[in-house]
Amino acid sequence: MAPFFLNIIIDILYNICYYIKNTLNQSCETGKEKKMSSNSNVLSHKLTNSLSLELSAKKSIMALQHLIAMFGATVLVPILTGLSPTIALFSAGMGTLIFHACTKGKVPVFLGSSFAFIPAIIQVKTIYNGDLAYAQGGMIVAGLIYVLISFMINKIGVDRVKRVLAPQVIGPMIMVIGLNLLPTAFSMAKENLIIAGITLAIALAISFFTHGFIKQLSILLAVTFGYILALILKEVDTTIIISAPIFSVPSFRFPKFSLQAIAIIAPIVLAVFMEHLGDITTNSQVVGKDFIKDPGLNRTLLGDGLATAFAGLIGGPANTTYGENTAVLAITKNYDPKIIRLAAFFAIILAFVSKLGAVINSIPICVMGGISIMLFSMISLVGVNTIKKAKVKFNIKNIIVMASILIIGLFSNYIYEKFGIFIGIRINEAVSISGISMAAIVGIVLNLLLNLRNNRA
């Protein structure tokens with residue numbers, strides 16, 4: 001375990017040094033080019049700079065699109081729990097960069113605030129009379145548990161992990177992730193169905209009837225049109241923009257530790273582990289690369305764990321991989337991890353520039369609802385395509401596995417409300433493994449039992 005940890009630290013330092021070296025090399029090359037006196041070289045230099053500026057502008061716009069996609073959900077978690085939204089943005093940006101360092105910059109993932117921790121954070125806040133520092137301590141321990149799990153995965157070997165992740169398990173898992181988010185998108189859209197419908201229609205029209213760079217900006221352009229329409233219809237609260245200061249420093253704070261708070265928050269890791277697995281698998285399916293194998297599930301877990309521990313250290317909510325940004329990848333077909341890292345830098349800057357943050361925060365819920373319908377539907381379609389591409393046989397065994405995942409993942413709450421039957425595993429009063437996580441566990445176990453002979457072969 002110790003050699004593995006040292007190798008990870010060395011790799012992280014190497015990646016940081018590598019980025020710095022590339023930046024310095026580019027600066028030196030630019031300096032050398034400036035010394036060229038030939039007219040042809042000067043012309044070539046100008047054309048290169050022009051092209052470079054154009055590419056940088058395109059990447060910046062693409063990064064802004066990712067930032068808008070994750071903004072609403074990321075700031076909603078601290079609003080619901082009492083944590084600071086600006087620290088949430090800062091920790092999301094820094095957490096994403098930590099994740100990319102741990103995964104060798106290969107996985108185009110953005111980390112945002114985790115909703116799974118909300119009930120436990122509120123419970124700890126109540127126990128300690130509103131002192132959220134104890135919740136921070138619990139989240140740090142939860143992040144470190146993630147790190148320990150990454151060591152275990154490295155010891156077990158990714159091939160053994162992949163053996164249980166058959167397409168008839170992964171496909172429905174991805175579908176459940178998207179379909180579970182759709183009701184939230186519809187409730188957001190209900191705030192103003194006309195604005196939401198027009199925003200969605202513009203996004204779909206740009207996505208289906210345009211090509212090239214314009215098509216990649218379908219989400220950003222649709223949000224812009226929706227925002228302008230909302231301004232015309234006086235659905236935008238401009239007071240938050242006017243009252244916001246131009247610059248402000250987030251109120252960072254140190255954590256406090258308590259066994260009771262740790263016992264409430266730390267077990268949530270058991271529930272969100274399967275969500276992490278589902279998100280990384282979804283990302284892999286969208287991009288067309290096996291990130292569970294390279295850079296490895298152990299590294300993605302390490303990045304997620306360290307990012308969560310860092311967030312707890314400074315006063316932010318726990319981090320997690322974001323389906324919204326994976327959906328943006330699926331729509332734009334641009335999988336460059338550098339764009340995600342640029343979006344992370346923008347999030348960090350936004351934490352200090354309150355006026356810009358207020359502008360994005362003023363985007364009406366109905367506008368984001370219209371876009372979210374498209375984003376979450378795209379995630380569900382990725383799940384369907386996973387089953388289709390793998391040519392999963394629709395025999396009785398696979399049907400039982402897939403149906404179990406879909407029923408538990410989509411209808412467990414309804415079954416509990418109507419019949420009082422809880423489908424899940426209760427860890428403590430605040431934490432239980434249910435919904436998507438329980439569906440994944442049941443699907444994996446059922447698939448192993450029903451297809452035991454094939455798995456041995």
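Contact is taken here to mean heavy atoms within 4.5 Å. The structure is a predicted model, in which local features need pLDDT of at least 70 and side-chain atom pairs count only at pLDDT 80 or more, while totals for chains, interfaces and linings use all residues. Residues are numbered from 1 along each chain as its sequence is written, and side-chain values use heavy atoms, with hydrogens and water left out.

The protein chain holds 21 helices and four strands; helices (H or I, at least four residues) and strands (E, at least two) are DSSP runs, numbered from the N terminus. Of the 457 residues in the chain, 50% are buried, where buried means under 20% relative accessible area, exposed over 50% and partly exposed in between (1.4 Å probe, protein chains only). Among contacts between residues at least 6 apart in sequence, 83% join residues at least 24 apart.

Axes are lines fitted to C-alpha atoms, for helices over the stretch in contact, and angles run from 0 to 180 degrees between N-to-C directions. Angles under 35 degrees count as roughly parallel, over 145 as roughly antiparallel, 65 to 115 as roughly perpendicular and the rest as oblique. On the helix 15 side, G323, E324, A327, V328, A330 and I331 make the contact, and they meet M374, L375, F376, M378 and I379 of helix 18. The residues of this contact comprise nine nonpolar, one polar and one charged; Ala, Val, Leu, Ile, Met, Phe, Trp, Tyr, Cys and Pro count as nonpolar, Asp, Glu, Lys and Arg as charged, and the others, Gly among them, as polar.

Helix 8 (residues 193-209) and helix 10 (residues 218-232) pack at about 150°, their axes 8 Å apart, and are therefore roughly antiparallel to each other. The crossing of helix 8 over helix 10 is right-handed, a crossing being left-handed if the near helix is turned anticlockwise from the far one by less than a right angle, and right-handed if clockwise. Helix 8 contributes I195, I198, T199, I202, A203, I206 and S207, which meet S218, L221, A222, V223, F225, G226, L229 and A230 in helix 10. Eleven nonpolar, four polar and no charged residues take part in this contact.

Helix 3 (residues 85-102) is mostly covered, with 14 of its 18 residues buried. Its 18 residues should span 26 Å at 1.5 Å a residue, and the end C-alpha atoms are 25 Å apart, which agrees; the expected span is 1.5 Å times one less than the number of residues. Just after helix 3, K104 takes a positive phi of about 60°.

K234, in the loop between helix 10 and helix 11 (239-243), has a positive phi of about 60° although it is not a glycine, and it counts as exposed at 73% relative accessibility. K333 lies in the loop between helix 15 and helix 16 (337-352); its phi is near 65°, and at 56% relative accessibility K333 counts as exposed. K289, in the loop between helix 13 (268-287) and helix 14 (292-314), is exposed at 52%. Finally, a cis peptide bond with omega of about 15° joins D294 and P295, and P295 is found in helix 14.
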